[in-house]
Amino acid sequence: MLSASMATSATRSTMEQMLESLKKQEEKPKDLPPALPSRPTSKARLPSNVRMRRSSSPSVGRSSDSSAHSEARVLLESSGLKMDEARVPLKAIESKSVPVQVPPSRTEAGFVRDSEIGEEKISSKISTRVEKFNGFAYADIRIGSESCIQESELNDLLYYSNMDSPYEIIDPNDESNGPNFSPCSVSARLKCTNRNDANLCALTKNSRVWCMLPDNQWSLGVVQSIFGTEAIIKISNGKTVKFSVRNTLPANPDILEETNDLIQLSYLNEPSVLYNLQQRYVQDMIYTKAGPVLVAVNPFKDLGLFGHDFIEAYKCKARFHPHVYMMADIAFDAMMRNGISQSIIVSGESGAGKTETAKRAMQYLASIGSCSRIENTLLKTNPILESFGNAKTLKNDNSSRFGKLISIHFNSSGKISGANIQTHMLEKSRIVQQAQGERSYHIFYQLCAGASHALREKLNLKPASEYYYLNQSNFLTIDEVDDAERFQLVLEALNVLEISPDDQENIFRILAAVLWLGNITFSVVDGECHVRVDNDEAIRNASKLLGCSIMELTMLLSTHKVYAGKEYVVQKISQSQAANMRDTLARTIYASLFDWLIDCMNKSLTAHEKSKGRSINIIDIYGFESFNRNSFEQLCINYANERLQQHFIRHNFKLIQEDYILEGIDWTRVEFEDNQECLDLFEKNPVGLISLMDEESVSSEGTDSTLVNKLKQYLGGKFCFKEDKGRVFSVRHCAGEVVYDATGFLDKNRDLVHSDLLQLLSSSNCWLLQLFSLNISKESLKLRSPLVRLNGTECKRPCVASKFKGQLFKLLHSVENTSQHFICCIKPNRLQLPGVFEQDLVFQQLRCYGVFDVVRMFKVAYHIRMTHELFAKRYKFLLPENIATDDALSVCIAILHRSNIPHEMYQVGFTKLFLHAGQISRLEELRTRTLRGIISMQNAFRTHAMRSQFKKLRSTTIFLQALVRSSMAKKEYLVLKERHRAAVTIQKKLRCRIARKSYSRTLEMVILVQLLEDGLLEDIPTFFGSSCRLKI
């Protein structure tokens, strides 16, 4: 009765109007937009038991279930949720879940209370619950007994809260969520399996299969015969072996071998993927696509795949093979096309080639956005970063010992307008200590090998073998690496960065001072309670290079000042304390120098014009490390890898599948391996590994032993934490289990700087050291806490682990707002040899970095996701004008129908359209072809219009020119007429005068002749006068 009364009294809702409009659309003529088709089944089909359950249940039709629709509307409206606010298509009611907008007043602690809405208020046929997700209430409308998420799956869900993650995720443990809270998230601890539906096939004679050998290696074979559950198979070495059918997997046909995109493989089992990579690696094809991920296998040799010719080929779209240049080009094109910043994230374990890959991506972007000064400056930062921040480790000859993010800014025309470099957590302990077979930072060896004679004299330099900080590992040179040549490249780069010669000399002066500090020795006096500094060459050279007196440096290294009341008291220190003070001074100076160099680079790369938000970020963070002895640095490095891997999982699995569920499309979740549990071990507050380590670090009684005991106490029951004896514990990372030795953890995490050390630096005559002291003091004051000063003598900076965690979260926040491209670097063998492919090592990396899961995911995923409005805006002009409407959803369906895209190739969500790979290219081709036709017609029309306008203008111009010429001719005629008259008058006068003169002369001659004839010649002078000048 309640439902009936409310239904009759309620006004017409948007849903009812939509139902009526859809019925009318079915009766419209064919030239109008087609109605929304039934949602096609995706390739990722539901499990068989669900399909059977659905097929056995009554069909849900538009007319037959109108009562269910009205009941759902009444239910939501009775709870304060109006259907008018739920802007969803009709298929939303037929699907399992409907997102509806929840009024803010109806929510509490982020969710609608179960007591307000209820679990089953109508009948057993329809039940609902509403949950808030990303600003929407997610209403799970269940028809019959079918639920959006099965209860058996809830036990596998793993989440993280806002406090412990850089992303905004709802806390599932909040009591206000209600007992029936079921957020739309993917399974967290699911293991990938080789025997899913895609990998199983019926064995037949002569079929290609993969066989599991006794040594757990896969071998390719051909089926010879089959006997029940066993098969006789001829494997690759020519032997014929009997295998159980359960120990075989189908192999891809020959035609798919060495394909450059793993998604194109028919069978995506692990041996098929591994074999494809191996075959390409043997033929020096190190790049392979895995959906959106580029897999790069380190060749450990120069293959000639880089340089100007390759850059031009990818820039001109003349090459389409997978390459780091192609990935950079895709990012650049997306940035220019959409105006959205991009990020290229390079991941992989130590020695996989991340640094080289990031450098090649930067090389391509610098070339394609060529700007003479900034391009050259950007490329010249590489030699400096590698020399001052890279070192040889047991796994890599050029390992980056810091994390970096390089942001390249572009203007609207695609030219580089500037760049910025951010660095994170330089490994300072390597300056004073290295393991056997490793080296310190490259710059020390380059300085000793390549410095000029004059510079050696100024710095009192000796060969690298004579410095303790360099010779303790018994490894001074790297094969096929010329340190002297590399030093010249560093000098050239410093000049390009416009660092003055004086500043360069100060840089090398500080480096030499660090080396000489390592050679300072101590002698024990007073029964091992006090030490003195040996007055030898080391202390003299170190004090000279640091710009202080020998006495000041000696007092710093052998005594300790503490407050006693209002006065300082000088205490003598032990030999271990003195050595620690020496090493702290060396670490502090070098780390400050590294930060100053980064600042100099950023000043040289500063953008001189606005980039309008266009930038491409290249992220290169440490590779996963596991040595015989793993310390605090390895813990932080591996934690960074875990966080980066979770970022990869989030964007390639979680967000995509959550989007599918929220949009209500037919989708079966793809299982994947998640490392969230390991991240929780590090980040959970207040009992995470980092928070517990910080807690012990700020405690005056905290030691490495108490830290390990606390870790065992609070983390001992965690799956990813393993207890061990003494100060040792283990962590199960996504890349494998790592054993850590906690010795020195707290000291490294505290990173204390003695006030006497800062006073020594501030009194130096080297302005760089004075600047370092000032910067450290400013940082301490900025982050002042009650424990900033311990006994008035120690200047405490924030704990290293928590600071590093904050930097990592900040980095991920900045990357979150960009479109992301992933490059997974793979290390093919442990010995760093070319042409060697260790299957077990590569398999482990592919699995821990999620490559297998990505391939399976994007084999069935929808590669293109566009909102209805964006899709309609881009392709609406493809429709005839008489069927184009303002309804974005109708426009989308009409476009898909007219483009003849099969139903199984797309799905329509509540707000987005999902298309499989290749379909958008068909639309783009049709769009391009249509645009070209339109442009051709517009070309012809504009040509005709412009020609007609030109003819009209020409005739008008000619007429005007005729008028002007006529007027000018008339004026000129009048002038010429006046001139003619004047000329005639002048000629007349002149002729008259000439005639008169001629007449007068003729008259005189006639008279003369007459006189002669009359004999009057003697009287001529008298007759003519004395002036007569007649000539006879």
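## Tyrosine pair Y441 and Y590

Y441 is buried (under 20% relative accessible area, with a 1.4 Å probe and protein chains only), with a relative accessible area of 0%. Y590 is buried as well, at 1%. This is a predicted model, in which local features need pLDDT of at least 70, side-chain atom pairs count only at pLDDT 80 or more, and totals for chains, interfaces and linings use all residues. Residues are numbered from 1 along each chain as its sequence is written, and side-chain values use heavy atoms, leaving out hydrogens and water.

## Aromatic pairs

The whole structure holds 28 aromatic pairs, meaning rings of Phe, Tyr and Trp (its six-membered ring) with centres within 6.5 Å. Y441 and Y590 are stacked (planes under 30 degrees apart), at 5.3 Å centre to centre and 15 degrees between the planes. Y441 lies in the loop between β19 (416-424) and α13 (442-450) and Y590 in helix α20 (residues 575-604), so the pair ties together parts 149 residues apart in sequence. Helices (H or I, at least four residues) and strands (E, at least two) are DSSP runs, numbered from the N terminus.

Y862 and F914 are edge-to-face (planes over 60 degrees apart), with 6.2 Å between centres and 65 degrees between planes. Both Y862 and F914 are buried.

## Helices α17 and α18

Helix α17 (residues 501-518) packs with helix α18 (residues 537-546) at about 155 degrees, the axes being 8 Å apart. Axes are lines fitted to C-alpha atoms, for helices over the stretch in contact, and angles run from 0 to 180 degrees between N-to-C directions. The two helices are therefore roughly antiparallel (over 145 degrees).

Technical notes. Parallel < 35°, antiparallel > 145°, perpendicular 65-115°, else oblique. Buried < 20%, exposed > 50% of the residue type's maximum accessible area, 1.4 Å probe, protein only.
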